[in-house]
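Subject: Structure for you to look at

Hello,

Here is the structure I promised. Please open it alongside this email, as my notes follow below.

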Amino acid sequence: MFTFTNVCYKDILSVPHLIIHEKEITCIVGESGSGKTTLLRLLNHLISPDKGSITFHGENLLFLDPVALRRRVVMLPQTPVIFQGSLQDNLAIGLRFSQQPLPAESVFKEVLQRVKLDKTLGEDAEKLSGGEKQRLALGRILLMEPEVLLLDEPSSALDDATESLIMKIFVDYAKEQNKTLIMITHSKALATDFGDRILEVKGGNVYEWDH
Amino acid sequence: MNGIIDLSVLQVAAAYIFILLLMVILKVKGIPREKEVLIASIRMTLQLILVGYVLVYLFESMNPFLTILVLVIMESFAIYNIFQRSGRPLSNSLKKVVALSMAFGTLSSLLFFLFVVIRIAPWYDPQYFIPIAGMLIGNSMTGISLGVNRLLEGMKERKSLVEAALMLGATPKQAAKEVVDSAFDSAILPTINSMVGMGIVFLPGMMTGQILSGVSPTTAIAYQIAIMLGILGSVSLTVILFVQLGYQSFFNDRDQLKTD
């Protein structure tokens, strides 16, 4: 689905060749500062490589409409971002940005349950705790149903129990809906549990683990 | 209505008593601001004397080229001033946007005001052209300065928000909307506030000047109302242009946030 050929980005990444497969769960591990986030940002086209090419379904990212691409390949940042307004506003904003129709209220409630947020839709999102914000942000992209989900340490603000729960929700979701899931995780155990494929970013290059 | 009392040099000099008084107070209180007060007073005096003579010359010569020259100087000075006043360094593309919005916004409001509202003749009459241009340009300059600061601040402080919106497939316009709206808001708020207080909290300078010079207060308010609307129009137009073009200078042609 994604193919990297001789990709260089600053002095952070230098990837001669990498393929990320469709409808698989790819876990990305590596030390902090190794360039994991940079890798996701390249896929979401928030940045472009200085050299080399990245293709998506065979087409160079540089020739695709960037906004249309990001609507298909949605990324969740490591620090959850909360927009002004209620929980419902925050869930809906991804759909608004990507100009998709808004679903019925029951769908929003269902998503809250799925990410284990025991709150009402009208509450002010700013008042949530760090972990709750993270789950809200996760709910937001679940609603968007993109082709590819890029998650940057989705569990960094969650406790261990919630962490594996949330990861499981996403993995099940991706399997059920035939989505491609690419996520960074600090936990090698979780990567081995959930990933179809594990990539390690090290010294600027990306290596595949035998699994 | 009587004409204005002409002030003799001695009478003006008497007004400097206020400065002397202030200097004494500063000295006694030990507030180290004498130098600034002195420099400000001298600059104010010299600049006004100079501008007085320049205006006398311009009014007497009635030359269209001179009127345009003055307009260009005012405009350039205002634009330069905006660059100086911004708390953070401006990128070249943002500087271009500032210059373009100032020039287009103030000139179109000025032309409309002079030729449709007041209908001056000849078209370059410096007695109307120059002071009105000064008011429109000056107020728009203040507005845009506030807008520039708020836009730069907003794009920096809310960078993660803007970027998170892009990640979700927002267009740069959607992603920057909050920042753009708040920049526009802070830029035109002072103008709106001054309109609300006008006539009650304070008498505006232009109106006071006209009344002092013997113009009937009803004529003076007619001018004041017109100029306030003109100022609001000019400020809004310049600031809208600025924020609409300005936010784009933070994104590249791949709809990515530019790195500093």
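Two residues are in contact if their C-beta atoms, placed from the backbone, lie within 7 Å. By that rule, seven residues of domain 1 of chain B are in contact with ten residues of domain 2 of chain B.

A word on the source. This is a predicted model, where local features need pLDDT of at least 70, side-chain atom pairs count only at pLDDT 80 or more, and totals for chains, interfaces and linings use all residues. Residues are numbered from 1 along each chain as its sequence is written, while chains are lettered from A and ligands numbered from 1 in the order in which they are written.

Chain B

Domain 1 of chain B covers 1-61 and domain 2 covers 63-250; the bounds come from an automatic or database domain assignment. Their centres, taken over C-alpha atoms, are 28 Å apart. On the side of domain 1 that touches domain 2, four residues are nonpolar, three are polar and none is charged. Here Ala, Val, Leu, Ile, Met, Phe, Trp, Tyr, Cys and Pro count as nonpolar, Asp, Glu, Lys and Arg as charged, and the others, Gly among them, as polar.

Look also at Pro122(B). A cis peptide bond joins Ala121(B) to Pro122(B), with omega about -5°. Pro122(B) sits in the loop between helix H5 (92-118) and helix H6 (126-157) of chain B. Helices (H or I, at least four residues) and strands (E, at least two) are DSSP runs, numbered from the N terminus.

Where the chains meet

Contacts link 18 residues of chain A with 15 residues of chain B. Helix H2 (66-72), E6 and helix H3 (87-97) of chain A each give at least two residues to the side that touches chain B. H2(A) supplies the largest share, four residues. That side of chain A has ten nonpolar, six polar and two charged residues.

Two sheets in chain A

Strands pair if DSSP finds at least two bridges between them. One open sheet has six strands, in the order E6-E7-E8-E3-E9-E10 (chain A), with mixed pairing. Its edge strands are E6 (73-76) and E10 (205-208) of chain A. The twist averages 20° from one strand to the next. Helix H6 (160-177) of chain A packs on this sheet and touches E3 (25-29), E7 (148-152) and E8 (180-184). The direction of H6(A) makes about 155° with that of E8(A). Axes are lines fitted to C-alpha atoms, for helices over the stretch in contact, and angles run from 0 to 180 degrees between N-to-C directions. Strand E9 (197-202) of chain A runs antiparallel to E10(A), joined by four bridges. Lys202(A) has Asn205(A) as its bridge partner in E10(A).

The other open sheet has four strands, in the order E2-E1-E4-E5 (chain A), and its pairing is antiparallel. E2 (13-20) and E5 (59-60) of chain A each have a single partner strand, so one side of each is left without a neighbour in the sheet. E4 (51-56) and E5 of chain A pair over two bridges. Thr55(A) has Asn60(A) as its bridge partner in E5(A). Helix H1 (36-43) of chain A packs on the sheet, touching E1 (2-9), E2 and E4.

Positive phi

Most residues other than glycine have a negative phi. Asn6(A), in strand E1 of chain A, has a positive phi near 50°. His57(A), in the loop between E4 and E5 of chain A, has a positive phi of about 50°. Are these residues buried or exposed? Asn6(A) counts as exposed because it has 12 C-beta neighbours inside 10 Å. His57(A) is exposed, with 11 other C-beta atoms within 10 Å. The cut-offs are 20 or more other C-beta atoms within 10 Å for buried, 12 or fewer for exposed, and partly exposed in between, with C-beta atoms placed from the backbone.

Best wishes
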